Amino acid sequence: MNKIVTSLIISIMVLNLFCVMPISLKSQQPPKGPWVDEVVFFTESDPDKVVEMMLRNEAQIYFDDLSYPHILRTVKERGLSYTFSYGLYYELTFNPVGPLFPATGKLNPFSNAKIREAMNYIIDRAYIAGEILGGLAVPRYTALTPSFPDYARYADVAYEIESTYKYNFEKGKAIIFEEMQKMGAEFRNGKWYYKGEPVAIKFLIRIEDARKDIGDYVSGQLEKLGFTVEKRYGKSAELSPIWIRGNPANGEWHLYTGGWITTLVNRDEADNFGYFYTKIGRPEPLWQAYENDPEFYAIAQKLYYRNYKSAEERDELMAKALMMSMKESQRIWLVHLASLWVSRPEVSIAYDLAGGYSGSWLWPWTLRYKDKVGGQVKVLSPDLLVEPWNPIAGTNWIFDQSVIRATGETSLLPDPYTGLYWPHRVEKAEVYVKEDLPVRKTLDWVSLIKVGDIVVPGDAWYKWDASQKKIVTVKEALGENVKALAKVIVYYDKELFSGKYKWHDGSTFSIADIIFNFIISHDRADPASPIYDKAYVPDYQAAMETFKGFKIVSKNPLVIEYYTDTWYADAEWIAAVGADDFWPYYLQGPAPWHTLAIGYLAEADRKLAFTADKAKELRVDWMNFIAGPSLEILKSKLQEAISRGFIPYSEVLRDYLSANEPLTRYQNLMNWYNSKGHFWVGNGPFYLEKVDTIAKQIVLRAYRGHVDSADKWLKFGEPMIPELSIQPIGTVIQTQPVVRNLTISTHGIPYRADDLLYVKYLLVHPGGKLTGFAEAVKDGLYQVRLGPDVTGALEEGTAELIIIAVSKLVGTPSITRTTFTVKSLIGYVGEQIAGVKGDLSGLGTRLSSVESKVDALSSQIRGVQNQVSSLSGVVYAAVGISVVSLIVAVAAVFMTRKSKT
Amino acid sequence: MHLKRSSVIKVGRYVGVRAVTVAVAIVISVYLTIIIANAGGYVDEIIISELRFNIYESVRANPMYKGYPPEEIRRIAEERIELEIKKMGLDQHFMIRSFNYLYDALTLNLGRAMKIFSSSGSNRVWDIIGERLPTTVLLFTTANILIFLCELFIGLTLSRRYGSKLDKLAVSLAPLSSMPGWFYGIFMIIIFASWLGILPYGGLVDAPPPEEPLLYALSVLEHMILPLLSWAVAYIPIGVYRMRTFFLMFSMEDYVDYAKARGVPPKVVERRYILRPVLPPVITDFVLVLISSWMGAIVTERVFNWPGVGTLMAEAIAINDAPVIIGAVAIFAYLLGISVVVLDMIYAIVDPRIRVGE
C-alpha cells in the first residue's frame, strides 16, 4: 500500500515537473512584437507626486525629466532607477553693442571682448553645477556639448580651454579693471563710474528654472567687481521681446540668462560657432550686432557651410574655432544640465542621450520587466493629446510623439546613444559621395564609396504633376546630365512584400504604401491639387533644393536609388535620408496609403485639413485620426471610398495594387474603426487600443502579429559605456619608454575593440600637452605606449595622463586620468648614484654597527665563559661530594651484610 | 384688469432696464477682458517674439537643413513665421481684432483658440470649454451643492441651539476655513493616497480606464472623494458659521418677537418670519456659488490633476491664448448677467418686502 502511495506521489511530482517546465521556459521566450503586453499612458505634472506614485508602484516610468536635486536624493534613497540625459544647457548672453549705447550714451562694458572673455574667470561653473543645481549639471565652457561626439573628438582642446578658463576671480578682476580704465571708467569707493554716473548692468534673469539662482549668483559676482546691477526678472514671454526682438543698441539690457535645448544626439556641432557667435546665426538685431575677428568669422563660416575637404581640415578648423570663440565670448557657456529620468527598478528601457526616455525611438522595443515577459506598464507624462493626431501634419508635441512612435516604424532606427542609424527594415545600403566630401562611415551595414561625378539617371522620378496626373522624371524636369552630391542604393528587407509584414488593421504592407508617399509628398505642394496646402510649400521647396531623384531598381525585393545634394559627415545619416524619405512613416506618424486616402478625400472635400494652417484657412477642423468631430467625417469618407472603389492617384498607383487590394484594405479599416473607434493604423510594435480624451489617457497594446521578436533591439537596453582602468605610472624618465595596460570593459565584460572608435590619450605636463592613441591588444585590453620621443618631450614635474575612449555604441566619451612625475635621465641617474652613495655610507654604518655588535657579543661570551668557569667549581665540588657519598654508601652496605651473617 | 396691466408694464419696464444695464455691464466687462488678456496689444509682441525664437530654433535643429546657406534658412524660417502669424490672426491690427473678439464673444460664437486644442483635436473655443465643463460641473458643482446644503442645515440647526456645546464646537472650527481647499487637498493626498494608499492621488479615473460604464462611473466617484473632502473641510466650517449667524440675526428681528408674542407657533414663526426673508440672500449666494463653480478652481484642479475649466484657464493665461480666456469670461459674464436679472425677479416673488415700483 505504501509503495503504491509513494509511486503515486512520485508520478504526480514528475508529471508536475513536465507540466511546469515548458511553461516557465516558454514564458522566457522573447515574444513577437514588444516585451510587454500593454502600456497605459496617463498624466501627472507634479514632480513630487510623480515620485510618490512611482514609489507606490502606481506608475512605472515618467516620460519627462525630473531634474530637481531633492528628487534625485529621494530617488537614490528609496531605490528607484534613474538615468541622465544631456539636452539642456545654460549660458550668459552679452549685449555686444558699444562701447556706448547709441540710444542712451551709457557705457556697455560687454562691448569689450576682453571683458567678455574675462567673465569666464569670474563665474565659478563648478559652484553653479554643484551648489545651485545640486550636482545635476556639469560645467560647460565651449560651444560643444560635453556628451556628444564632437566634444570627444576635440577633448584635448576642450581640456586646454577648461584648464585655461577655470574659475580665477582675481585674474578676471585684474583684466576687467584694466579694460574698464581703458574705456574711461573710474573706480571710486568700490563702484565703477562713467562720466559721473555709476556703471549699471541691466541683467535680464529668467525665473522659470535654476537660471533665477544663477542670475542672482552672477549679479553677486558683478557687484563684487564694482558694477551696479539692475536685475529684471521675468519669464520667457516677458523677456523675449527685449532681448530677441529688441534692438540691443537701445541699451535696454546688458546680460541675459540664456537656455538652449537639443532633443537628439547631434553628431556634427560645427555650425554652432556660426550660429552662436556670428551674424550668420539669426537675423535678429542682436545677432546682427556681432562683430568678429575676421579670421574667426572665416573659420565659423567655413564650418557653418561645411566648406572643408577632409576630416583633418575640419579638425584643424574646429580646434581654432574653439580657442577663438573663447576670445570672442559673445556668450559664455555655464553648465550642461543632467536631466534626471526616473523609473521603477524592475523595469528596463532604452533612453536617448539627448531626449531621455520619451525621446528614444527604441523605447517601445526595449521597455520590459527585468524578471518577466509580458505585463502592463503604466507611464506617466506631463500631458497627452495636446493636438490632433494625423500622420501628415498632426501633433508635434513630444508627449504625443513618444506614444505615436510606438505605433509605427521607420526603415532605420537611430541609436539612442550615438545618433547613428541602424537598419530595421533594410538589409544594407551603398552610399556614393563625391570624393571631396569629408564623409566617414562607422557601421558595417553601410558601404561608403567615394566617386567623381554622380549623374542622376534621366528616368528617375523627380516629382508628381497634379494637373497632368503623372510622375515627372528627372529628364523632364531638370534635363540631361543632372548631378548630385550623393547617391544611396537601399536594399530593403527581402521579406518586406512576402505577405508577413502587415499593418495593424490586417492589411498587407505593399509597395503602394511607398509610392503613395512619394506622390502625396509632391501633390500637396502643387497648386493644381485638391489637397494643395500653401503652408506646406516652404518646407517642400527647401526639400526640393537638395532632392535630385528616386528610382525603383527592383520591386521585390525592393531596391531603390536615391539621389540628393544633402550630405552629412556620417554615411549612415545619408543612407537614412534615402531609405526613409518615402517610407510610409510621415512627418508625424505612420500610415498605410488607405488611411491617408480617406484623409485625402476629406481635405479635397474641404471638410477637414491635414495642417493647422489649412484648417484655419478653410475654417474647418484640423484632421484628427483618433478622436473628435473628425471621426464622423473620416467614416463617411471611408464609406464613400468603399462605394466608389476609390484609388488615390490611380493613374500611377493602380499599377502597384493587386485586384482586390483597395477594397480589402478599406474593409479592414472599417472593421478596425468599428472595433477600436479610431483610424490610427500603424505597423509598429504597439497598436492604439483606446483613447480617453476626457481623462487624457492612451492605452497601447502589444502587436503580436509583428514580424520581429522582442529581443531584436535588446542590446540597446543599457548603454554600453566604456569603463576604463589604467595601470598607475608613478615616474616617467625622459627618453625612457613607458608601457601601461588599459583595461576597457562595460558591465563587467571586456569591451570589443571593434566597438571602439578610438582611444586617445592626452599628456599634460609642465611644458604643455601631447596627444596620441592607445593601441588595441585584444578585446578589453589596450596599451598606452609612450616611446622615447614622447617621454623625451615631457618636461620635469607633475604630469597627468588623460585617456579618452570613444565608442561606436555610445556618444559620450569615457575619460580616466592618472598623475605621475616626470624626471630627466641625468637627474634620475644622479638620484640613483646619490642613492647608491647613500646605500654605501649606510653599509659603513651598518658594518660599524655589526662590529660593535660583535664586540658586545664577545664580551657577552666572555661573561658567559666567566660564568661557566665559576660554575665549573661548583660542579667539581658537587661531583666530589657525590663520589664521597657513593663511597660512603657502598661501604655502609657492605658493613650491613657482614653484621647479618 | 387695469391694475394688472400696469403691474405687468412696471415689471416689464423694470426687467427691461435691469436687462439693458446688465447687458451694458457685460459688454464693458468682456471688452475689458479682451484688453487685459491682450495687455492692450503687447501680447502680440510677446507671441511673435517667442514664435520667431522657436521657429528659428526648430529650423536650425532640423538635420534636413544642415549646411543650408543662412539666406535659405532665413527664407524658410521667415515663411513659417509669416504663416504662423497669419494662422493666429496676428497679421491684423489688435484694435480691429479686439472688436472681432468682442463680436464673437457677444454672439457666443467664441471663435477658435490660438494654440490650445481640445483633447479630441478641435480648436473651437466651444469644444475646448465644452470638453472640460462636464468634469468641472461634476466635481465643483457637486462640491458646492453639498457644501451649501451642509451649511444651510447645520447653520439652521445651530441657530436653534445657540450657545450649546455643538454651537460652540462649530464656532471653534470656523478658523479651519482660513486655508483654501487645495491646502487640505495636499494633506489629504499625503494621508489617504501616499500613506494609507486607499484613495487615488488624483486624475479623473483609474489608469487604464475601466471598460464597463458602471465601473467607470464608480472609479470617477472614487477620484472625487479627496477633492470633495478637502473642500468640505475648508469651506463648510465658515459657511456654517455664516449661516448660523445669519439665521440668528433674522430670528432676533422685532417682527419675529412680535409674532412670538402673538402666540404664533414656533414652526410657523421659523418658516414665515425667519426663513422667508432669509431666502433672497441665500438664493443669491447659492446661484453665484453655482455659477462660479462652473469656472472650476485652478489650484485645486492642479493639485488633484482634475481636467477641468480651471486648469484650462491657467493654461490659456500662461500661453496667452486670448480667445479661450475671452470665451470663458464671456460665458461666465452671460451666466452672471442672466442670473442677476432672474434673481431680481425671484426677489420680488419670494421677499414680501420687495415690490416693483413701490
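Modeller: In this predicted model, ten residues of domain 1 of chain A are in contact with eight residues of domain 2 of chain A.

Colleague: What classes of residue are on the side of domain 1 of chain A that touches domain 2 of chain A?

Modeller: That side divides into four nonpolar, two polar and four charged residues.

Colleague: How far apart are the C-alpha centres of domain 1 and domain 2 of chain A?

Modeller: The two centres lie 42 Å apart. As for the bounds, the domain assignment places domain 1 of chain A at 85-337 and domain 2 at 385-695. It also gives domain 3 (723-823) and domain 4 (845-901) in chain A.

Colleague: And which domains does the assignment give for chain B?

Modeller: For chain B the assignment gives domain 1 (2-106) and domain 2 (128-318). Their C-alpha centres are 35 Å apart.

Colleague: Now the two chains. How many residues of chain A are in contact with chain B?

Modeller: There are 51 residues of chain A in contact with 43 residues of chain B. Among the elements that give two or more residues to the side of chain A are β1 (38-43), α2 (47-55) and α19 (537-546).

Colleague: Which element gives the largest share of that side?

Modeller: Helix α10(A) does, with six residues. By class, the side of chain A that touches chain B has 25 nonpolar, nine polar and 17 charged residues.

Colleague: Let us turn to strands. What does β25 of chain A pair with?

Modeller: Strand β25 (residues 559-564) of chain A pairs with β23 (residues 486-492) of chain A in the antiparallel sense, over six bridges. Within that pairing, A:V488 has A:Y562 as its bridge partner. Strand β24 (residues 547-554) of chain A is also joined to β25(A) by six bridges, and these two strands run antiparallel. Here A:I552 stands opposite A:I560.

Colleague: How many residues lie between β24(A) and β25(A)?

Modeller: Four residues lie between them, and the two strands form a hairpin.

Colleague: Next, the open sheet of five strands in chain A. In what order do the strands come?

Modeller: The order is β33-β41-β40-β36-β37, and the pairing is mixed. The edge strands, β33 (730-733) and β37 (768-773), each pair on one side only. From one strand to the next, the twist averages 30°.

Colleague: Which helix packs on that sheet?

Modeller: Helix α7 (residues 155-164) of chain A packs on the sheet and touches β36, β37 and β40 of chain A. The direction of α7 makes about 160° with that of β37(A).

Colleague: How many bridges are there between β36 and β40 of chain A?

Modeller: Eight bridges pair β36 (residues 756-765) with β40 (residues 797-807) in the antiparallel sense.

Colleague: Finally, at what angle do α9 and α10 of chain B pack?

Modeller: Helix α9 (residues 254-262) and helix α10 (residues 266-293) of chain B pack at about 155°, with their axes 10 Å apart. The angle is therefore one that makes α9(B) roughly antiparallel to α10(B).

Colleague: Is the crossing of α9(B) and α10(B) left-handed or right-handed, and which residues make the contact?

Modeller: The crossing is right-handed. The contact is made by B:Y255, B:V256, B:A259 and B:K260 of α9(B), together with B:V269, B:Y273 and B:I274 of α10(B). By class, this contact has six nonpolar, no polar and one charged residues.

Key. Residues are numbered from 1 along each chain as its sequence is written. Chains are lettered from A and ligands numbered from 1 in the order in which they are written. This is a predicted model: local features need pLDDT of at least 70, side-chain atom pairs count only at pLDDT 80 or more; totals for chains, interfaces and linings use all residues. Two strands pair if DSSP finds at least two bridges between them. Axes are lines fitted to C-alpha atoms, for helices over the stretch in contact, and angles run from 0 to 180 degrees between N-to-C directions. Angles under 35 degrees count as roughly parallel, over 145 as roughly antiparallel, 65 to 115 as roughly perpendicular and the rest as oblique. A crossing is left-handed if the near helix is turned anticlockwise from the far one by less than a right angle, and right-handed if clockwise. Two residues are in contact if their C-beta atoms, placed from the backbone, lie within 7 Å. Ala, Val, Leu, Ile, Met, Phe, Trp, Tyr, Cys and Pro count as nonpolar, Asp, Glu, Lys and Arg as charged, and the others, Gly among them, as polar. Domain bounds come from an automatic or database domain assignment.
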